[in-house]
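This briefing concerns the structure shown below. Please consult the sequence and the coordinates alongside the points that follow.

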Amino acid sequence: MKKAMVVGASGGMGYALVNELVDRGIQVVAFARGKEKLHRLFGAIDLIEIHTGDAEVKEQIIEAGKDCDVIFHAMNIPYQDWKDKLAVITQNVIMAAERNNAKLAVVDNIYAYGKSAGNKLAENTVKNPHTRKGRLRLEMENMIKTSSVPAFVCHFPDFYGPNATNTYIHYTLEQIIKKKKAGFVGPGNVSREFIYTKDGAKVMVELACRPEAYGHSWNVPAVAPISGYDLEKLLKKQLGAEKQLYFITKPMFAIFALFAGKSMREAIEMQYINSEPTILSGEKIEMLMGELKGTSYEKGIEETIAFMKA
């Protein structure tokens with residue numbers, strides 16, 4: 001891989017992917033809407049070509065993908081736009097790969113699996129989404145699998161990391177930096193996964209360099225599960241013993257959503273993920289790549305807070 005395009009380069013995982021590719025000496029087209037943000041994030045890096053555009057306009061994304069060997073689709077859009085825009089953008093990204101004879105690597109979440117019943121989710125787990133958003137993500141995945149493009153899909157748990165602003169952990173950290181108390185979405189005693197974006201990007205770029213990775217979906221787990229109570233202990237250690245979390249259960253979330261706008265109301269149906277252990281199995285990917293050595297939560301949170309303060 002000599003040249004790649006990252007669609008959604010200004011987002012949390014997109015930002016990490018661009019940096020991982022550059023660290024490997026690969027030329028990158030950073031594609032997103034916001035020109036000012038792209039230049040702020042990447043303007044000083046020689047290997048990066050900034051390309052502002054709208055992924056809903058197929059001509060723009062096809063043009064941006066010229067001469068690229070791999071297109072990384074890391075773009076996320078607000079929940080309320082999924083019904084009308086998710087399939088359109090997915091089809092445009094597929095078309096950009098087809099027209100430019102490029103491969104496709106897709107960032108996805110775990111919504112298509114539905115409820116886990118406390119079991120680890122493996123790639124052969126039957127996808128049975130019980131939410132509207134889960135069904136939309138499954139439709140997106142099927143579009144990719146049935147296309148003529150060599151592609152793979154990475155299923156990730158919730159993100160956190162530098163520039164990953166549209167995440168639950170960012171919401172918590174943003175508050176706890178400024179105040180003594182911060183909200184954590186979900187019960188305090190439920191173990192969950194949060195993957196550090198740098199770890200996710202490293203795995204994904206490595207997969208993109210391996211021909212045998214294409215034609216598959218890959219579940220990429222976090223370094224370990226963590227509960228809200230454990231995260232609180234970590235934050236107390238790093239930021240001071242006076243720091244505390246309060247835990248936002250699904251009923252509380254629903255009440256907050258009544259006053260917080262459409263985006264938060266759209267998130268109510270996804271709160272099952274925060275209410276039960278939803279853990280990915282890494283068995284398949286470790287058979288290909290060996291043991292995944294992720295960043296500890298202590299180091300990842302420390303680096304994320306440093307980025308936010310800077």
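The model is predicted. Its chain holds 13 helices and 11 strands, and buried residues account for 54% of its 310 residues.

**Overall form**

- The radius of gyration of the chain is 19 Å, which agrees with the value near 19 Å for a compact globule of 310 residues.
- Taken along the principal axes, the C-alpha atoms fill a box of roughly 55 × 45 × 40 Å.
- Of the contacts in the chain with a separation of 6 or more, 75% join residues 24 or more positions apart.

**Helix 2**

- Helix 2 spans residues 35–42, and its residues Leu-38, Leu-41 and Phe-42 are buried.
- Viewed down the helix axis, the buried residues of helix 2 fall within an arc of 75 degrees, so they line one face of the helix.
- In an α-helix there are 3.6 residues a turn, so residues three or four places apart point the same way.
- Glu-36 and Arg-40 are exposed on the other side of helix 2.
- The packing partners of the buried residues of helix 2 are helix 1, strand 2 (27–32) and strand 3 (48–52).

- Pro-129 sits in the loop between strand 5 (103–108) and helix 5 (132–145).
- Because its relative accessible area is 12%, under the 20% limit, Pro-129 counts as buried.
- Although Pro-129 and Ala-112 are 17 residues apart along the chain, their C-alpha atoms are separated by 5.0 Å.
- Leaving aside residues up to four places away in sequence, Pro-129 touches Tyr-111, Ala-112, Tyr-113, Gly-114, Gly-134, Arg-135 and Leu-138.

**Cavities**

- Rolling a probe the size of a water molecule over the atoms shows where empty space is left.
- A search of the whole structure finds three cavities of 30 Å³ or more.
- The largest cavity contains about 100 Å³ of space, and its lining includes His-73, Met-75, Lys-85, Val-106, Arg-137 and Met-140.
- Helix 4 (82–99), strand 5 and helix 5 each contribute at least two residues to the lining of the largest cavity, with the largest share, three residues, coming from helix 4.
- The lining of the largest cavity comprises eight nonpolar, two polar and two charged residues.
- About 60 Å³ of space lies in the second largest cavity, which is lined by Ile-110, Pro-157, Asp-158, Arg-192, Glu-193, Phe-194, Ile-273 and Thr-278.
- Four nonpolar, one polar and three charged residues form the lining of the second largest cavity.

**The second largest pocket**

- The second largest pocket holds about 560 Å³ of space.
- Of the 30 residues lining the second largest pocket, Lys-198, Asp-199, Gly-200, Lys-202 and Lys-293 lie nearest its centre.
- At least two lining residues of the second largest pocket come from each of helix 1 (12–23), strand 9 (194–196), helix 7 (197–208), helix 12 (283–289) and helix 13 (297–309).
- Helix 7 gives the most to the lining of the second largest pocket, namely eight residues.
- By class, the lining of the second largest pocket divides into 13 nonpolar, five polar and 12 charged residues.

Definitions and conventions. Residues are numbered from 1 along each chain as its sequence is written. This is a predicted model: local features need pLDDT of at least 70, side-chain atom pairs count only at pLDDT 80 or more; totals for chains, interfaces and linings use all residues. Side-chain values use heavy atoms; hydrogens and water are left out. On a 1 Å grid over the protein atoms alone, a cavity is a set of points where a 1.4 Å probe fits but cannot get out, and a pocket is an open set with protein on both sides within 12 Å along at least five of seven lines; lining residues have an atom within 4 Å of a point. Grid points are joined across faces, edges and corners, and a volume is the space filled by probe spheres set on the points. Helices (H or I, at least four residues) and strands (E, at least two) are DSSP runs, numbered from the N terminus. Ala, Val, Leu, Ile, Met, Phe, Trp, Tyr, Cys and Pro count as nonpolar, Asp, Glu, Lys and Arg as charged, and the others, Gly among them, as polar. Buried means under 20% relative accessible area, exposed over 50%, partly exposed in between (1.4 Å probe, protein chains only). Contact means heavy atoms within 4.5 Å. The arc is that of the directions from the helix axis to the C-beta atoms. The radius of gyration is taken over C-alpha atoms; the globule rule is 2.2 Å times the number of residues to the power 0.38.
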